[in-house]
Amino acid sequence: MKRAFTLIELLVVIAIISILAAILFPVFSQAKAAAKQSSCTSNLRQIGLAIALYRGDFDGVNPRHRFCPDRAGDELCTNLSNPTAYTGPNEIWWAPFDNSVAPDAAAPYPNFKAGFLEPYYKTLAIFKCPMETKWQVGYAMSYITGGPMGKPESAVENPAVCQVWDHARTPGCADTRTGFTGPPWNPFPPKADTAHTHYPVRHNGGFVTLRHDGSAKFRKPNSMTNADFISDSP
């Protein structure tokens, strides 16, 4: 005589499966998040290599966040009251970015303008953080006053200074507090970033930074200080 499962036995099996699922699903989720953070870290390391190759071709000078050839006498974009303002159709950024439209424009990626790092990388995918895909570029190059942008490598005394990091505004980053009208550009205070756009919490409550020495490091916003942005800090 064949013995079938009783209702109680079936419920016990279902309960056990439910408990195992409740235990394992968060583990799988954490593993998936860790994999995306690892991918983001890899992206930034490849960007760091591209920047190093750029320096090698330009007498050891770090790239700028963009050039503004439509601004007569200010091709280096140094006299803008808003350093992310659109300056004309010929401006070119370090990353594949079209500044004539919103940073989160829904136009097909990667059909935006190629940046001037283009000769130094193989795929545009490195500019996309796997946790944030709606932005034209998922990373920012620092244009903080006192940062490494546009400086000779020999003038950067702080090799751990942040050069590029996870971002959700534009491919550049500076203080954009209301009423802030021009240089010097100070680091945006992490406490003021309530929208988590300058320092996103994409990866387990933090973000990944690319330092001038080419290393990529995970950081939490509340751990950042001005010394992380200034290239002549000891």
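Predicted model: local features only at pLDDT ≥ 70, side-chain atom pairs only at ≥ 80, totals over all residues.
**Cysteines, a loop and a helix patch**

I'll start with Cys129, which is buried, with a relative accessible area of 0%.

Now to the cysteines in general. How many disulfides does a search of the whole structure find? The search finds 1. That disulfide joins Cys68 to Cys77, with an S to S distance of 1.9 Å. Pairs count as a disulfide when the sulfur atoms lie within 2.5 Å, so the 1.9 Å pair qualifies. The link of Cys68 and Cys77 is right-handed, with 110° about the S-S bond. Are its two cysteines buried or exposed? Both Cys68 and Cys77 are buried.

Back to Cys129, which is in no disulfide. The nearest cysteine sulfur belongs to Cys40 and is 3.8 Å away.

Next, the backbone at Cys77. Cys77 has a positive phi of about 60°, although it is not a glycine. Where is Cys77 found? Cys77 sits in the loop between strand E1, residues 66-67, and strand E2, residues 92-93. Its relative accessible area is 7%, so Cys77 counts as buried.

His196 has a positive phi of about 55° and is not a glycine either. His196 lies in the loop between strand E5, residues 172-173, and strand E6, residues 207-211. With a relative accessible area of 38%, His196 is partly exposed.

Staying with the loop between E1 and E2, that is also the place of Thr84. Is Thr84 buried or exposed? Thr84 counts as buried, because its relative accessibility is 19% and the limit is under 20%. The side chain of Thr84 makes a polar contact of 2.9 Å with the side chain of Asn82. Leaving aside neighbours within four places in sequence, which residues is Thr84 in contact with? They are Arg66, Trp93, Asn99, Tyr143 and Thr170.

Now the surface. Ile8, Val12, Ile16 and Leu20 make a nonpolar surface patch of about 380 Å². Of these, Ile8 lies in helix H1, which covers residues 7-57. Ile8 counts as exposed because its relative accessibility is 62%, and exposed means over 50%.

Last, the overall picture. The protein has 1 helix and 7 strands. What share of the 234 residues is buried? Buried residues make up 43%. The protein exposes about 12200 Å², and carbon and sulfur atoms supply 60% of that area. Among contacts with a separation of 6 or more, 62% are between residues 24 or more positions apart.

Note on methods: Residues numbered from 1 in each chain as written. Heavy atoms only, no water. Helix = DSSP H or I, 4+ residues; strand = E, 2+ residues; numbered from the N terminus. Buried < 20%, exposed > 50% of the residue type's maximum accessible area, 1.4 Å probe, protein only. Contact = heavy atoms within 4.5 Å. Areas by Shrake-Rupley, 256 points an atom, 1.4 Å probe, with all protein chains shown as cover. Patch = residues over 30% accessible without salt bridge, like charges linked within 9 Å, V, L, I, M, F, W, Y side chains within 5 Å. Salt bridge = Lys/Arg side-chain N within 4 Å of Asp/Glu carboxyl O. Polar contact = N/O pair within 3.5 Å; in protein donor to acceptor, adjacent residues only side chain to side chain.
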